[in-house]
Amino acid sequence: MNQSKVSARGVQVYYGDKHAIKDVAIEIHPRSVTAFIGPSGCGKSTFLRCINRMNDTISSCRVEGHIAIDGEDIYDPKVDPVQLRAKVGMVFQKPNPFPKSIYENVAYGPRIHGLASRKSELDDIVASALQKAGLWNEVKDRLDAPGTGLSGGQQQRLCIARAVAVSPEVILMDEPCSALDPIATAKVEELIHELRENFTIVIVTHSMQQAARVSQRTAMFHLGNLVEVDDTDKIFTNPDDQRTQDYIMGRFG
Amino acid sequence: MNQSKVSARGVQVYYGDKHAIKDVAIEIHPRSVTAFIGPSGCGKSTFLRCINRMNDTISSCRVEGHIAIDGEDIYDPKVDPVQLRAKVGMVFQKPNPFPKSIYENVAYGPRIHGLASRKSELDDIVASALQKAGLWNEVKDRLDAPGTGLSGGQQQRLCIARAVAVSPEVILMDEPCSALDPIATAKVEELIHELRENFTIVIVTHSMQQAARVSQRTAMFHLGNLVEVDDTDKIFTNPDDQRTQDYIMGRFG
Amino acid sequence: MIDISVPADRETVSPSKSILTVDARTRQRHAAEARFRLMGKIAVAISVLALVGLLTSILSNGLSSFRQTYITLNVYLDPAKLDKQGNRAPEAIAKVTTFSYAPLIQKALTDAMAAKGIAIEGLNAKSAFELISKEAPAHLRRYVISDPSVIGETVSFDLLASGRIDGYYKDRVTMESAELDRNISPEQLMLADALRQAGILTTKFNWDFFTAPDSSDTRPEASGLGVAILGSAYMMLIVLVLSLPLGVAASIYLEEFAPQNRFTDLIEVNIANLAAVPSIVFGILGLAVFINFVGLPQSAPIVGGLVLTLMTLPTIIIATRAALKAVPPSIRDAALGVGASKMQSIFHHVLPLAMPGILTGTIIGLAQALGETAPLLLIGMVAFVREYPAGPPEGFFDPASALPVQVYNWTQRGDPAFVERASGAIIVLLVFLVAMNLIAIILRRRFERRW
Amino acid sequence: RDQIQIAGSSTVLPYASIVAEAFGENTDFPTPVVESGGSGAGRKKLCEGVGENTIDIANSSSRIKQSDIDNCAANGVKEIQEVRIGYDGIVFASDINGPEYAFTPADWHSALAAKVVKDGQLVDNPYKAWNEIRAELPAQPILAFIPGTKHGTREVFDEKVIVAGCEENGTLEALKAANSGDEKAAEKGCMALRTDGVSVDIDGDYTETLARVDANKNGIGVFGLSFYQNNTDKLRVATMGGVTPSVETIASGEYPVSRPLYFYVKNAHLDVIPGLQEYVEFFVSDEMAGPDGPLSAYGLVSDPELAKTQEAVKARTPMGPLN
Amino acid sequence: MSVSIIILVVLALSALGYFLGRRRALSLAAESGRKLHSLPGYYGQTVALFVAVPAFLLMIAWLFVQPMVIDARVDGMIPDSVIPEGGARSLVISDVRRIAGGLDAVLARNSLDEGALTDGRVDFSTVRGRLAEVGIALGNDVPTEVFEAAKAYRQGAKIGTLAMTLAVLVLSVGLGAWSFTRIRPDMRARNISEAFIKSLLIGSSTIAILTTVGIVASLVFESINFFRMYPASEFFFSTVWNPQFRGGSELGILPLLWGTLYVSFVALLVAVPIGLLIAIYLSEYASKSLRSVAKPAIEVLAGIPTIVYGLFALITVGPFLRDWFAQPLGLGNSSSSVLTAGLVMGVMIIPFVSSLSDDIMNAVPQSLRDGSYGLGATQSETIKKVILPAALPGIVGAILLAASRAIGETMIVVLGAGAAAKLDLNPFEAMTTVTVKIVSQLTGDTEFASPETLVAFALGLTLFVFTLGLNVLALYIVRKYREQYE
Ligand SMILES: Nc1ncnc2c1ncn2[C@@H]1O[C@H](COP(=O)(O)OP(=O)(O)OP(=O)(O)O)[C@@H](O)[C@H]1O
Ligand SMILES: Nc1ncnc2c1ncn2[C@@H]1O[C@H](COP(=O)(O)OP(=O)(O)OP(=O)(O)O)[C@@H](O)[C@H]1O
Ligand SMILES: [Mg+2]
Ligand SMILES: [Mg+2]
């Protein structure tokens, strides 16, 4: 139990009347990559957003149950969501760059967390984050161009860089490669590999191949239920649940 | 020449100083699917938006060259971009549902084009469009819920349904399956197959497999240049250009 | 251009931080957050406090104007005075001036005092009569003219008490101040008390305040807001009907259609500048254009409405443009992408989303227009008007005053009784304002959404 | 148009509205519309031309100027009647709870002028309290609320108090000497008031002055007689040259600070606008403007030559050239 | 037919055109089996617009031109001899116009027809008296030439009006019919009607320009008169403002401009922070219910008549500042001061900043907030660094509006800051603003054609140019820092 980075029990999420997550329990291991898979609309993003309490911002959304990070209940009233989110970073499904320059987009996190004391340090953080996200070459000579003027895939990588720049302990990535070409995808996967050594990563993906490539454990969601969670190898070769098998085989939707 | 649905010659696009599309010439065949592939930021979306003049809305964007649909120059001052866009539908890279109900999102196009004279007809159009996009089952009992309250993948399918509902002659799809699970993807690909019988489709995709599965012809972009355009089989088996080969093999980015 | 290079990789793995114990930096940030939030609360509190303070002072000064003191007398309408020929000819009766009615009332009062056995030492009949408003004879005269057959009968009238007597029951006048006041004496106040005891003098709700026209300085107790309310209503109708569509239309053109060039920049600056033009200058414009050039009548709500429209337009345009600008382009793209024309995308999607801002502009613009006096000064609406304007639309061309004008006028008058009435008029003006904006406020709430 | 339109001075406005109200009550004519907006603007409007969309009467707290008459003539307004309706008394009053004041014009000049003669020398005004000027005056700091330069009252104040006081206390002589005998410059020097906040211009109306006196208990305000009469419970009036202002002392000319009030009628409108002639006659009738009429009761000092005015009005005598 | 009846008729025709056009489009489409280019309603709209818009334009043009034409004709009929000495020709012409209007009234009152004018059933020997009966004022008696001219004028006007009625109706019906017959399924009805609407939009925005032209024009004329009487250099550069009744006034604008700037600055110093904080609190922190009450409530502040604020400044704030700050600090003992007026005015303009900014901030997409929260930013950091910059253009607009209101305010300044024009840094001193002096000089008792009154126009014009400069500056700043989201 204590080996889990994130542990959830009996999580229920409602959007108004709609019951979006039904009694989900899961343990997410530290220094490993967990993949969430499942058909569109099954609740992956919703559950992901529970882990750093991003659902707080949706007024109609109600979360019940227990989620702990490092054994600390994150829905405890004593918990400070700001600190939580600094610790648990997030890359959103829809790229949402700030209407600022590319540089400012990435520097924003380090600035508010005071990660750099000098300008040059900040420059370093920005550059290395962009590089990790595989965007450096494309933007290095237009860092002061607006982030909103980038292409879809570039924006996505910018958001990855932005999240990475604050070095959170847990990184939640909601389909981080959806708009990326294979090479950029590979670059991001490489980043995930690298990050895994020190951090805990949860990634939502629709690509079975990607899940298989990058994750150690995989969780399968369906209609708001967590169908099954296990080692990735096991899930992809010998799932317990029929639905998992069917989904992986591409047999329902 | 006359067999082309869309024919472009010497197209140049600039965003302010940035030269985003460099002298592209391409013929898009009618009743077929053309896939645009290429690394992120190479100009696929930009070129796609030229085809129905969506770039007009970006004030910094300047388009030069010649693009014709059915032999008519679409940048001719006599051309009404509205009519053009009714004829050339578009699914954007980032899902952008209207902040209205799901029903209204889909019904909007048919309404302004007067495609239904009675309410029941409109209902039918909406239902069938949603069905084609594979969203019907998920939303059929909450058609009056806001479209913005859908999951990422659902929003994407909603936008596909919205575009399909007006039955345009040409449909431009910018990564329509990026947020979709394999089954939903299959459903959309099926739709594309179906549509191909009567319509012309251009699809931007990052998945080589998808390009291979759905398209008859493939165009490869790189750094604003059209590297090569040919039959899909040819591109994937025996490309003329080294860059295409490299890209398909996943060797650069 | 920011020019930086890639550094050597820096992998710093800090030990995991607890989320329950707040570290120093976060504590600081939270303190900043709390301060910021507190500042927000304080700001809201300040403004609400200011509002409450102002409203209480208005209400405490003005609410009393909704009640008025009356003296009920049975007046014998003496034919010998009112109809000397005795044939009830309306023309002859119309010739009888109010000066002839006054003695009737004075007599009625003396009789009433005698009947109740009221006698105040050192108070003659003439001083006693000063308890009754100068409006009373006019009231009687109107009554008789409307129905000459009542002459010769004894009719019971609720007559207004004079302003000072009324003030006595509203704590504005006291026995001590009456000593010094040359318009009232303590004896008169004692008489008033006696009459009150006898049930002749009563305080009632003052409907006339809302319906009666203005009155001259000598009879504050009779003045009302009827003409002003009508005038303001007419003007606001014109302002609303003209400024909202014009303002929104102009903003749409400028924000969505106009090419971005020097000329449109000029227009933009120009509109912002119009907002800074003092309102009296709009009055100068109105006088020159609408009255002298077009030849519209003086003192008429139509001119006032047009001038206020011009004055409100910049406010609405600025607010609308800001709101249009705030709608994300992706919404426009979505509409254009399914083949909507620009016009359709704006009217179907952008405008509804910009609605809250537009309505705010309207609310603020109308609030300003409703309270404005300076431009009306030059087009003749800051005036003493006692005749009601006709119904719309002819009434738009009749002389009228306006609520702020009434406030402005009353605050300038010598008799302190007008202070209360000015505050009462302000209450009415604010109620008018809220009523007028209610629809906008409700609509705005409905249109508000996040995306 | 069926109602009379009147514009002009806000000093005349209360009287005009009393008359208009009574006129509307006692005749079949509609109540005239009385605008305020200043004497200057009123006379300008009167002279804009003849016709429906111009006004019939301009109220004025000062006599019409030649430039107005010229302007009228240029616009086709040939005949105007001048009607003097009475006099407006100007009084000095302080808070009711304060001390009594008995002023002379010289006191006021010494208190407010920028330069005064002290010990035979022309010096910057050194006085801080009234009793420094004259020992009989109370030991109160000097603070005066005087009409702003937009008000016609200020002209009278300047002329009848400041300049008169200037002459009285010898400053005029000294100034004349300093300006090498130039009368005009000396007078101008007399009227230059100190700017250190002791003399406060009021651009608003008497209610503002009253409010200021209320907020500054040692202040002395300049009011119209009628305004004072309505507020005798709050204000204590000062005597000027030993005379207490009242309708009687002003009418007799004993109290020095007063001015005539006028209105000007466009003769061309007389038979045209219904009721105009009747209104004019009604205004100057004894029942209204006489010493026992409501106007007098309200504080207008009745014109001793009212009978003459009544005749002129009946005869519609247009005014001759300004003398 | 009177103008209003023509308007009603044209509007009715236009409504009819809408239905016919729509129906025809539908039936044509059904007949030919071809798809309509636009929605059927647009065909109706096109016909309706063709019926109404050109007809109205013609009517407006006609109403402008007709009097000029007739005036020119009448002008020829009037010999110089009847023009009174020193009078102007234009006055006689306006007499003609008035007589013509009066004749109508006379005829109407006596329920007579046209013939009466010529065959003398009505006695017009005393035209002036006759007209007076119906409430038309004339300055002089009427010479025959003028009377004849008036009759001609009347005739001309009659014919003109008749012709106009005909022309307008013919144009309206004609264009309607023409556009009706032109309906084809492939006609670009939407484009046509949208072009019409667009021109209406353009028309609306020209009103702003016309207003400016009007304002400048109505100020310039009298300003020139002013500068003829008073040297411009004194006006612009003198530091003394001291108008006098008997002439010899000093009318320097500098102290007034300074007062305007100072008071507005203090007001903005109050309103901008408080207003912005309110906007932030309401749009980001407050509950929905609090917001829906507080926002309209605060807007009431903008609707309270300024006299209330003025009295509040005069009676409460002024003495308070004097007794607690100015006197202890030795900064003077004036109860009216720049600070008093500024503070109170600041409260009044809070809603201008708060409500508009609140709307704009509310329109910033949620995804931007999410992006910031997701990085571990606190709410206040998100607001300061993401939302405010994104909403900047709207906020600047709001502030400009507030500043404008502050510059234009009079009552609060009169009661709060006093009427003395002074150039001083001390905020506890009484000062005054340009606007206050515009109002007071314009409504004062000085004669109109004196520099003391006319200076109001010059002040207005100068203020106009001055604020124009400030606005250009503001636009430049916004352009520089603007951030476009999505
Ligand atoms: N609005 C804009 N302003 C300036 N530059 C832009 C803008 N939009 C795109 N670009 C630039 O133009 C180039 C092509 O962009 P485009 O969006 O066409 O790429 P793409 O091929 O669609 O990439 P992706 O697969 O990432 O969506 C990119 O370098 C991008 O940064
Ligand atoms: N804000 C919202 N309001 C109401 N319902 C919502 C909201 N967001 C999501 N939902 C619903 O909750 C369910 C789960 O949504 P979620 O976004 O978690 O799906 P997902 O697994 O991330 O799907 P996808 O792969 O398409 O992104 C969906 O049925 C969706 O329609
Ligand atoms: Mg999702
Ligand atoms: Mg793209």
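This is a predicted model: local features need pLDDT of at least 70, side-chain atom pairs count only at pLDDT 80 or more; totals for chains, interfaces and linings use all residues.
Reader: Is Asp70(B) buried, exposed or partly exposed, and at what relative accessibility?
Author: Residues are numbered from 1 along each chain as its sequence is written, and chains are lettered from A and ligands numbered from 1 in the order in which they are written. Buried means under 20% relative accessible area, exposed over 50%, and partly exposed in between, with a 1.4 Å probe and protein chains only. Asp70(B) therefore counts as partly exposed, its relative accessibility being 33%.

Reader: Which residue meets Asp70(B) in a salt bridge?
Author: A salt bridge here is a side-chain nitrogen of Lys or Arg within 4 Å of a carboxyl oxygen of Asp or Glu. The partner of Asp70(B) is a lysine, at 3.3 Å from N to O. The pair links distant parts of the chain, 17 residues apart, with Asp70(B) in the loop between β4 (61–69) and β5 (72–73) of chain B and the lysine in helix α2 of chain B. That lysine is partly exposed, with a relative accessible area of 23%, and is Lys87(B).

Reader: How far apart are the closest N and O atoms of Arg49(B) and Asp333(C)?
Author: The structure holds 80 salt bridges over all chains. Arg49(B) is buried at 13% relative accessible area, and Asp333(C) is buried at 12%. Their closest N and O atoms lie at a separation of 3.7 Å.

Reader: How much area do chain B and chain C bury between them?
Author: The two chains meet through 20 residues of chain B and 18 residues of chain C, contact meaning heavy atoms within 4.5 Å. Buried area is the accessible area (1.4 Å probe) that two parts lose on being put together, summed over both. For chain B and chain C, 65% of it is on carbon and sulfur atoms, and the total is about 1,600 Å².

Reader: How many residue pairs are in polar contact between chain C and chain E?
Author: In this interface, 87 residues of chain C are in contact with 93 residues of chain E. A polar contact is a pair of N or O atoms within 3.5 Å; within protein, one must be able to donate a hydrogen and the other to accept it, and residues adjacent in sequence count only if both atoms are side-chain atoms. Between chain C and chain E there are two salt bridges. The number of residue pairs in polar contact, with both residues at pLDDT 80 or more, is 14.

Reader: How much area do domain 1 of chain C and domain 2 of chain C bury between them?
Author: Domain 1 (68–204) and domain 2 (226–447) have bounds from an automatic or database domain assignment. Their centres, taken over C-alpha atoms, are separated by 45 Å. Six residues from domain 1 and six residues from domain 2 take part in the contact. Of the area buried between the two domains, 30% is on carbon and sulfur atoms, and the total is about 450 Å².

Reader: Which residue forms a salt bridge with Arg164(C)?
Author: Three salt bridges are counted between domain 1 of chain C and domain 2 of chain C. In the one that involves Arg164(C), the closest N and O atoms are 3.8 Å apart, and the partner is Asp415(C).

Reader: What distance joins the side chains of Arg386(C) and Glu21(D) in a polar contact?
Author: Arg386(C) lies in the loop between β4 (383–384) and α18 (403–412) of chain C. With a relative accessibility of 11%, Arg386(C) counts as buried. The side chain of Arg386(C) also reaches the backbone oxygen of Asp214(C) at 2.8 Å. The polar contact between the side chains of Arg386(C) and Glu21(D) has a distance of 3.2 Å.

Reader: What is the relative accessibility of Glu35(D)?
Author: Glu35(D) forms a salt bridge with Lys45(D), their closest N and O atoms being 2.8 Å apart. Glu35(D) lies in strand β2 (residues 33–35) of chain D and Lys45(D) in helix α2 (residues 39–46) of chain D, so the pair ties together parts that are 10 residues apart in sequence. Lys45(D) is buried at 9% relative accessible area. Glu35(D) also counts as buried, at a relative accessibility of 1%.

Note on methods. Side-chain values use heavy atoms; hydrogens and water are left out. Helices (H or I, at least four residues) and strands (E, at least two) are DSSP runs, numbered from the N terminus.
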